[in-house]
Amino acid sequence: MVVPALVGTIRRWRVARRKLTLKGIVNSLVRPGSDAVQRVTDPDPTWTSWAAERGLEYQHDGSEFEGGRYHEAVPDRRGVGEQCYGVVRGTWNDTPFAYFLRKTWRVGGRGGPAQTSGNLLITLPGTPIPDLLRMSPAEAFKAAGGELPNTGVFEWRPPDLLFGHGRWLEPQIVTGILQRITAQLALAPAELWQR
């Protein structure tokens with residue numbers, strides 16, 4: 001009859017309703033910002049193929065760059081996180097470099113839930129002389145007759161690194177930046193570096 005079918009429908013509805021609790025709804029709204037959801041778990045085929053085509057090394061885990069080593073440290077609070085990943089290492093025009101992606105998130109924070117930047121560490125021919133270190137990298141490159149890309153921020157990192165970061169999220173952009181900087185370093189006068 002109709003009554004047993006109606007009772008079965010009511011029972012299924014009650015079970016489904018128990019699963020749809022206020023706590024469940026809140027968890028489903030908060031979980032998108034959790035560490036587990038925010039973390040990038042799979043290597044990006046774009047970067048793995050870019051590295052392979054150029055004989056460069058690719059490593060998905062970039063945790064060695066986290067924790068305030070190159071960027072301001074992320075606060076140790078629930079809902080705030082950082083992940084460095086997609087590390088490509090090698091040499092470009094005989095200049096050693098490392099590229100990595102950095103993702104930060106702040107659940108409910110200003111500026112959106114997640115931000116990603118591309119980061120470059122370029123090994124200089126030596127430690128810059130004190131006169132160069134008193135200048136910003138952009139000023140130093142200009143004084144030496146060159147120019148840094150204006151699409152990001154560059155900083156000196158002792159003893160012999162140039163660190164840059166920006167919205168460099170595509171291989172073509174990173175290729176251009178690496179080519180531009182390493183070509184200038186190859187032509188820079190040797191007296192600019194302490195050995």
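Predicted model: local features only at pLDDT ≥ 70, side-chain atom pairs only at ≥ 80, totals over all residues.

Reader: Which residue of β3 stands opposite R89?

Author: That's A98. R89 is also the bridge partner of E57. Strand β1 (residues 57-61) pairs with β2 in the antiparallel sense too, over four bridges.

Reader: Is strand β2 largely enclosed or largely open?

Author: Count its buried residues, meaning those under 20% relative accessible area. In β2 (residues 80-92), 10 of the 13 residues are buried, so the strand is largely enclosed by the rest of the structure.

Reader: Now the backbone angles. What should I look for?

Author: Most residues other than glycine have a negative phi, and most peptide bonds are trans, so look for exceptions. The hairpin of β2 and β3 has two residues between the strands. N93, in that loop, has a positive phi near 50°, and D94, also in the loop between β2 and β3, has a positive phi near 65°.

Reader: How exposed is D94, and how exposed is N93?

Author: D94 is exposed, with a relative accessible area of 75%. N93 is partly exposed, at 38%.

Reader: Where is there a cis peptide bond?

Author: Look from P158 to P159: that bond is cis, with omega near -5°. P159 belongs to the loop between β6 (152-157) and β7.

Terms used:
Residues numbered from 1 in each chain as written. Heavy atoms only, no water. Buried < 20%, exposed > 50% of the residue type's maximum accessible area, 1.4 Å probe, protein only. Pairing = 2+ DSSP bridges.
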